[in-house]
Amino acid sequence: HTKIFNINPENFSDVIEECAEIICRGGTVAIPTETVYGLSANALDPVAVNGIFHAKGRPADNPLIVHVASVQQLDKLVLEIPAKALSLMEAFWPGPLTLILKRTCIVPDITTGGLDTVAVRMPADIVAQELIRVSGKPLAAPSANTSGRPSPTTAAHVLHDLEGRIDAVIDAGNTCIGVESTVIDMSGKKPAILRPGYIPASRIEEIIGEVEIGYNDNVTETEGVIRSPGMKYTHYAPNATVLLLEGAHDLVQDKIREMYTDFTCRGARVGLLVTNAGLLSLTNDMFYLGSKDEPEEVARNLFLGLRALDERRVNIILADGSFTHEGVGAAVMNRLRKASEMIIRL
Ligand code: TXA
Ligand code: MG
């Protein structure tokens, strides 16, 4: 049985108090963060962390992000904070940036998938911050979805995947960013971005200079070294088959119309995930992501759209990849490519 807390200013401290108790007992609580909902548990309690892996069906070698509310809390978890890592924390914390650092022995193996590093982040969301502060525990929290599914941006998404499998969820409405944090490896010689996220590489380079791009968006290419265990698993995928169309905006719109007609004639139920409201004339099984020039809007709606089309039981989703790839657009593109069965480049 999963307890559902609708948090508001009146019940805020009671809800935090009750959830902190669940955390201290070794339970799991799904919490809002500014990016997506996370499934949290005491990062230093192996049994509690095991509850996260079990609820999500997450592979044991895929490590978790540990969320902290203060630098004192961080000091216990990591061996050292290199100067560049400190600069990034000063620039972007609290916020959607996760740093990989060398860990101390108090962080259990299960939390880090046996690695000698730990991923850490200070979330900006007040609910997450208060739960960390009141429980007094650093919180391990991956996205609160079943492993492989689109990340949750509402409490309803969390319950859809995990109801009955977790102790509680705190419902604070839609998350404001909609895609996950940027993950940067600061444990080696050269900083490397392992997952694009809300904070683009360009803003990071303004603070610490050149960074490596350590991830690969290309779903068909599997060679190369896997630096982040999460890279090798299916991600963000709805039940429907996603076909992603990339290229100039006008070409993509024409191709979507053509493919929609083809697949529909052959008896498929086709959903559209698009940045052109004009396509509404084709079908009601359409989700408008936002304007192609507003990547923040597209980011906020992406996982919502993938899940909404799944609810309509479409077989195929034609996804428009022709929005701007500037800023958070790079992260949106990364998620869409990973969710896709095939990329069609026009
Ligand atoms: O915005 C976010 O980051 C959300 C919210 C809840 O904070 N969390 C999130 O966690 O997206 P998760 O578990 O879904 O993704 C964490 C990613 C995975 O790709 C994982 O492989 C990588 O970070 N990661 C974690 N620890 C790592 C480590 N020590 N070395 C390399 N990669 C690591
Ligand atoms: Mg995830």
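**Briefing: sheet, core and domains**

In strand β8, isoleucine 170 is the bridge partner of phenylalanine 5. This is a predicted model, where local features need pLDDT of at least 70, side-chain atom pairs count only at pLDDT 80 or more, and totals for chains, interfaces and linings use all residues. Residues are numbered from 1 along each chain as its sequence is written.

**Sheet**
- β1 and β8 (residues 168-171) pair in the parallel sense over four bridges.
- Strands are DSSP runs (E, at least two residues), numbered from the N terminus, and two of them pair if DSSP finds at least two bridges between them.
- The open, mixed sheet has 11 strands, in the order β1-β8-β2-β3-β7-β4-β6-β5-β9-β10-β11.
- Its edge strands, β1 (3-6) and β11 (212-213), each pair on one side only.

**Domains**
- The domain assignment, automatic or from a database, gives domain 1 (3-178) and domain 2 (241-345).
- Their contact takes six residues from domain 1 and eight residues from domain 2.
- Residues are in contact if their C-beta atoms, placed from the backbone, lie within 7 Å.
- The C-alpha centres of the two domains lie 30 Å apart.

**Core**
- The largest nonpolar core has 101 residues; Cys19, Ala30, Val66, Val120 and Ile170 touch the most other members.
- Leaving aside neighbours within four places in sequence, Cys19 is in contact with Phe5, Val29, Leu131, Ala168 and Ile170.

Note on methods: Chains are lettered from A and ligands numbered from 1 in the order in which they are written. Two residues are in contact if their C-beta atoms, placed from the backbone, lie within 7 Å. A nonpolar core is a set of buried Ala, Val, Leu, Ile, Met, Phe, Trp, Tyr and Cys residues joined through C-beta atoms within 7 Å. A residue is buried if 20 or more other C-beta atoms lie within 10 Å of its own, exposed if 12 or fewer, and partly exposed in between; C-beta atoms are placed from the backbone.
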